[in-house]
Amino acid sequence: MTDGYHIVVCGSVVPDPLQTLEPIETPTGPALKNEMMLPAVLDPWAAHALYEAANLASKVTGSKVWLVSVGPKAKLQQVMMTIAQRVSFELVPVDSSASGFADAHSTAALLAETIQSIAGLDRSRLLVFGGWESASRGAGATMQLVGERLEILDQFQGVDQLSVQADGSFEVLERIEAGRHQVSVCQGPPALFGWATGNLPEPRNNPQVGMANMRTVMPALQRAKSEPLPAGGLHFLSATPPKQQRQTRVVKDLSPEQIAQEIAEWIGK
Amino acid sequence: MASTATPIKPELLRTLPSDAARQIQWRFADRYDLQMLVQSARSVARGPVARLVANGGRNSHEWTPAKAELLKAFDESGITAVFMDPEQGGFIAGPKNLALALVAFELAWVDGGAATASLAGCLALAPIHERGTPEQHTKYMGLAAPPQAGEDRKPWRGSFCLTEPIPYVGVDTGMLNGKIRIAEWKEGEEPTLQVEKRGRFITNIGFANFVTAAVDSGDERIKGSCMVILEEGDPGTFDRGTPTRKLVHQLSSTGDPIFSLCIPASRIVGGYDVKDGVILPRYNHSEVIEAVFRRTRVTVGVMTAAKLLSAVEPVIRYQRGRFRGAETATPGSVRYELGLQAREDALHRLVDVWATGEAGAALGFAAARAFDELDPLEREADKLLAAQGVTSARARAKLQREASERAADLVRLPAGLPANDAKRAQLESDPLLRFVLLDSLADVLCPATKLWNTGWGAQMMREAVSLMGGYGITEDCPGFLGNKWMDAQLEATYEGPEAVQRRQLSITMTNPLFRAQFQAWIREMRGIASERPGTGACALATAMGMWLWTLERLQHSTDADGGRLYQSARQGVTFPLADALCWLLAARCQILDAIELEQRGPSDPAVAEGLAGLANFMTDLCHVQSARASGEVARICAELVFGYNRHPAWDEAGYRGCYQQDELDSLEGIIPGIGSYGLDVIGNDGSHPKKAGPCAKCHGAEQFLSLQTKLSTCLTGCRLSKDRAAEAISKLMIPEALDYPA
Ligand SMILES: Cc1cc2nc3c(=O)[nH]c(=O)nc-3n(C[C@H](O)[C@H](O)[C@H](O)COP(=O)(O)OP(=O)(O)OC[C@H]3O[C@@H](n4cnc5c(N)ncnc54)[C@H](O)[C@@H]3O)c2cc1C
């Protein structure tokens, strides 16, 4: 692979997981209470995909990363202040809903259409990345639908590892049950990968990268088309928060072993 | 036809203010560089800094490897590079006062010591930044810049060393004991200097590679004082001393170093000239530190404001959850749902804490922005003066004085004048005028921020702690509120304690140019009040008028013994008046921020939703704060206006102003009912009413009394605002948990 990959990452914003997420009824269907006012983050699954994309791009010269985001523009802009400092990418924003109650078909159609409209995108080098599900919905359907619309046949979901072989083919590790992975080999682009968590840590903030990204991010946000998402065929009978009591604790200072131990004890109670 | 009016319930605050709202309030909505910086600083503060505090990192005085890790985190996240220009390895072009204030805000949100550790590096570089030679600038900025990608280099860290062991430099920065002497001066070569300096309470000293130190001449071949740059490897002693046993800010390194070093004369900050065999430093140490502190003190004030605002969320969570889990507090019951927030006082006190935090942040960020505007203007004015051949300090002062007079004219021009008015246009386009105008403001805003935010902030931080009950003063308190309270006292002390700020204000607030602007602000507040009565701007305008009246009165009057009242030795007069001014400035800035939010919020969809509730809440906080500020001003001014008159006594002079009982009886025939007035009457047997003396008169202060009456009635509605704000706090949605460990 001499020219590098064209990696398009699909990812948008979700409310910060520490917030109280309370479903409410609105005239246009269910929504989260005060959603526009709550702090947002880049959907964690999509974020893993983005970091993996940047990592792959940094290893294969000539590669380029786009982040295609369908979401409320003002929220995207706020989230960019963090994400743009992590890795280099070009943002392709579409001002629309990123609600967890949006129809995955409508979102996928808009994503596919947007990807197709990226100037200079070379299908023979195209890798579409995304999260295998979303923190706001967990339907696990959107990326597959995007792949179908782009007529990409090689699709992988729950991906934790993607290694480029000497012959240019990919070895892909997909999650299966019991903490094990299914290993596949795929010839190369075009291909679609719905990422699980991958193996990479969150890249650290780099303000220089942020400043460089922002030169294209801000104009892109200003130009972003506003596209209302059609309701699609989906309608909700009711939306309620999970029944179990939420027990949130912030434990940023424990080792994985300690966390596992604590969870095991809690389950055993 | 009769109709029933349905009272419209004002919209309430729904969530804590978002980043997008803060960006508008503090005017960096169009600065993505600063928005990114906030996120970087926040990730360090709520990540490694919070973890270190939670792990007991504050429990030692030593500079530990864990504390040192924070410096790396500052470097990696871009916090260290904020002070540098892009060509020196930084990423923010132009002035950096607001940027530094935002970093301080984010770090202090979690831990003041971490903020100090970061800012002290900038403080060390500041003398070089403000007054250093181009060579010094390039060298030390370059050394202190964090390594770029691929570079293998440790950045240099610095300390700023002014304070000396007792009995020398403290508040009084003129009492320098540190000395420089000429060690060697070969014909035609650079002289070598011997530096003897001891420091006390010097931040960053545990790891500093260079020190900017204030010293005085100990040699007749050197004139006056200066600042010098000391390096770790210089020949001689570079002793870091023992760590200070601080009760606060333990994540910063502090100690009492001893330096006895030999340095080249090129290390004099700003360089020197040689005249008749004498070294003349271009800047004495006072000139350098004045240029430094007038900027760095603003960030300190912002720190304390951040802590107050950081207390809001943990206090709300504590209050609401206080009784949950008890048998009697079943879900749905008032006890369960509202907890302590069912009690009015708990809510009202939190309103006060929040309002103080808003006012402090508003003032601090306004000051930081003023310096961002001032920095380029100052350079432009310098160039302009140089082009006119003005070099001597005296000629410069004269020109500035003239410019000030012309600028005061500009400020006094009637507000209704057309924008293209020739006089106004001329005045507004003159950079020197714009400079003196802004300079006179900065001279007030900086000490006011440092003084009020930290001093009053410390008091209100105590209030925040008390809202947490016993939990507040334990290490387990979420949000580290107990630490933040104690830390606030240091913020009030270092970089010049409150006395220093009051002393400076007592001079700068009498500058006619500042006064002219202050007068314009009174009109501005009345204008705002007519459109937004709920802000309390009217009460504030009245209090501002009262303050100005009092200042002018005190400047021209004497005490009961004929002693002049407004003079530098009379700190009992000047200092309280300085305090009073700070209350007004903070409340004014808060109102302006609230208006900015209301006006610009609708164009940002991330703010527009829920804006009505947020704007109402911010307006109510303004009202609460304006009322409090007005009350403080009224109290202080009344004491000063009347307190220096001697109270009449039951003596001969006192009796002269009283009625005799006989006299009153006979007057009763002419003026029926006169005896029922509350007059001082001396009995026929010489007895007098049981009180301190005949009631004091208010000669010449009638206007003050009418202002006082007006001010009292101006407070109408302020408690309704407080009730509304309290209700909003009891209903707003907060996150499930704090976003940093505690
Ligand atoms: C943790 C910490 C870190 C510090 N970091 C640094 C640093 O990095 N570099 C540095 O140079 N210094 C540093 N300092 C020193 C700090 O700036 C001084 O402590 C401060 O300026 C006060 O000096 P002092 O302690 O000698 O107080 P003093 O001068 O003794 O003053 C004590 C009090 O006396 C009263 N007072 C004194 N003079 C007057 C006056 N003229 N009018 C009215 N009242 C007056 C005031 O109430 C004042 O608060 C630090 C201090 C601490 C505690």
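In the predicted model, Arg42(B) and Asp19(B) meet through their side chains in a salt bridge, with N and O 2.9 Å apart. The pair links distant parts of the chain. Arg42(B) belongs to helix α2 (residues 32-54) of chain B, and Asp19(B) to helix α1 (residues 19-25) of chain B. The two residues are 23 residues apart. Arg42(B) is buried, at 17% relative accessible area. Asp19(B) is partly exposed, at 25%.

A second salt bridge joins Arg46(B) to Asp739(B), with 2.7 Å between the closest N and O atoms. Arg46(B) lies in helix α2 of chain B and Asp739(B) in the segment after α23 (718-731) of chain B, so this contact ties together parts that are 693 residues apart in sequence. Arg46(B) is buried, with 11% relative accessibility. Asp739(B) is partly exposed, with a relative accessible area of 24%. Both pairs fall within a network of salt bridges that links Asp19(B), Arg42(B), Arg46(B), Glu106(B) and Asp739(B).

Elsewhere in chain B, Arg515(B) and Glu552(B) form a salt bridge at 3.7 Å, N to O. Arg515(B) lies in helix α15 (residues 512-531) and Glu552(B) in helix α16 (residues 537-555), so the bridge ties together parts 37 residues apart in sequence. Arg515(B) is buried, at 16% relative accessibility. Glu552(B) is partly exposed, at 31% relative accessible area. Over all chains, the structure holds 55 salt bridges.

The structure holds 28 aromatic pairs over all chains. One of them is the tilted pair of Trp650(B) and Tyr655(B), at 6.4 Å centre to centre and 55 degrees between the planes. Trp650(B) is buried, with 16% relative accessibility, whereas Tyr655(B) is partly exposed, with 26%. In chain A, ring pairs link Tyr5(A), Phe129(A), Phe156(A), Phe170(A), Phe193(A) and Trp195(A) into a cluster.

Arginines also sit over rings in chain B. The charged end of Arg588(B) is placed over the ring of Trp521(B), 3.8 Å from its centre. That of Arg324(B) sits over the ring of Tyr336(B), 4.7 Å from the ring centre.

The count of disulfides over all chains is zero. Cys161(B) takes part in no disulfide; its nearest cysteine sulfur, that of Cys226(B), is 13 Å away. Cys161(B) is buried, at 0% relative accessibility. For Cys698(B), the closest cysteine sulfur is in Cys695(B), and the separation of 11 Å is too far for a bond. Cys698(B) is partly exposed, with a relative accessible area of 24%.

Notes. Residues numbered from 1 in each chain as written. Chains lettered and ligands numbered in written order. Predicted model: local features only at pLDDT ≥ 70, side-chain atom pairs only at ≥ 80, totals over all residues. Heavy atoms only, no water. Disulfide = S-S within 2.5 Å. Buried < 20%, exposed > 50% of the residue type's maximum accessible area, 1.4 Å probe, protein only. Phe/Tyr/Trp six-rings, centres within 6.5 Å; stacked < 30°, edge-to-face > 60°. Lys NZ or Arg CZ within 6 Å of the ring centre and 35° of its normal. Salt bridge = Lys/Arg side-chain N within 4 Å of Asp/Glu carboxyl O. Helix = DSSP H or I, 4+ residues; strand = E, 2+ residues; numbered from the N terminus.
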